[in-house]
Amino acid sequence: MIYLQQHGDDVWLQVHVQPGAKHTVWAGEYGERIKIRLNAPPVEGRANVALTVWLAQQFGCATRDVVVLRGELSRIKTVCFTGMAGQYEDMRVHIAQVLTD
């Protein structure tokens, strides 16, 4: 999974976000990224907040540990899960599961 990478104590997820969708869902692979359809408008950072909250729920971590590192104003983003390197394998399995459902 090239879109999920371990960097020291952190885990980075490469995503392509489609804001303004009806529901927030995993939408499959998109090149070397994971596509996420996001039920939030791309206005005043609302999509970024919705993305970090949703990803924190997906992986069972605190919202404060999920940060958009790159792409705050773009659909293409790098999201950092701070201190989550110990959960890398669980995260990988979770993503693989949701993509096959």
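Before the core, a term: I take a nonpolar core as a set of buried Ala, Val, Leu, Ile, Met, Phe, Trp, Tyr and Cys residues joined through side-chain atoms within 4.5 Å. Buried means under 20% relative accessible area, exposed over 50%, and partly exposed in between, with a 1.4 Å probe and protein chains only.

On the source, I note that this is a predicted model, where local features need pLDDT of at least 70, side-chain atom pairs count only at pLDDT 80 or more, and totals for chains, interfaces and linings use all residues. Residues are numbered from 1 along each chain as its sequence is written, and side-chain values use heavy atoms, with hydrogens and water left out.

Entry: core. I looked up the largest nonpolar core and found 25 residues, with L13, W26, L55 and F81 having the most contacts inside it. Strand 2, strand 4, helix 1, strand 6 and helix 2 are the elements that give two or more residues to this core. Helix 1 gives the most, with six residues. Helices (H or I, at least four residues) and strands (E, at least two) are DSSP runs, numbered from the N terminus.

I then listed the contacts (heavy atoms within 4.5 Å) of L13. Leaving out residues up to four places away in sequence, L13 touches Y3, L4, W26, I34, L55, K77, T78, V79, F81 and I95.

Entry: helix 1. Helix 1 has 14 residues and reaches 20 Å from first C-alpha to last, close to the 20 Å expected at 1.5 Å a residue; the expected span is 1.5 Å times one less than the number of residues. Its buried residues are A47, N48, L51, T52, W54, L55, A56 and F59. I found these packed against strands 2, 3, 4, 5 and 6 and helix 2. G60 follows helix 1 and has a positive phi, near 65 degrees.

Entry: E44. E44 sits in the loop between strand 4 and helix 1. Its phi is near 50 degrees, a positive value in a residue other than glycine. Most residues other than glycine have a negative phi. E44 counts as exposed because its relative accessibility is 74%.

Entry: pocket. A pocket here is an open set of points on a 1 Å grid over the protein atoms alone, where a 1.4 Å probe fits, with protein on both sides within 12 Å along at least five of seven lines; lining residues have an atom within 4 Å of a point. I counted 13 lining residues for the largest pocket, with P42, A47, E72, L73 and K77 nearest its centre. Helix 1 gives the most to this lining, with three residues.
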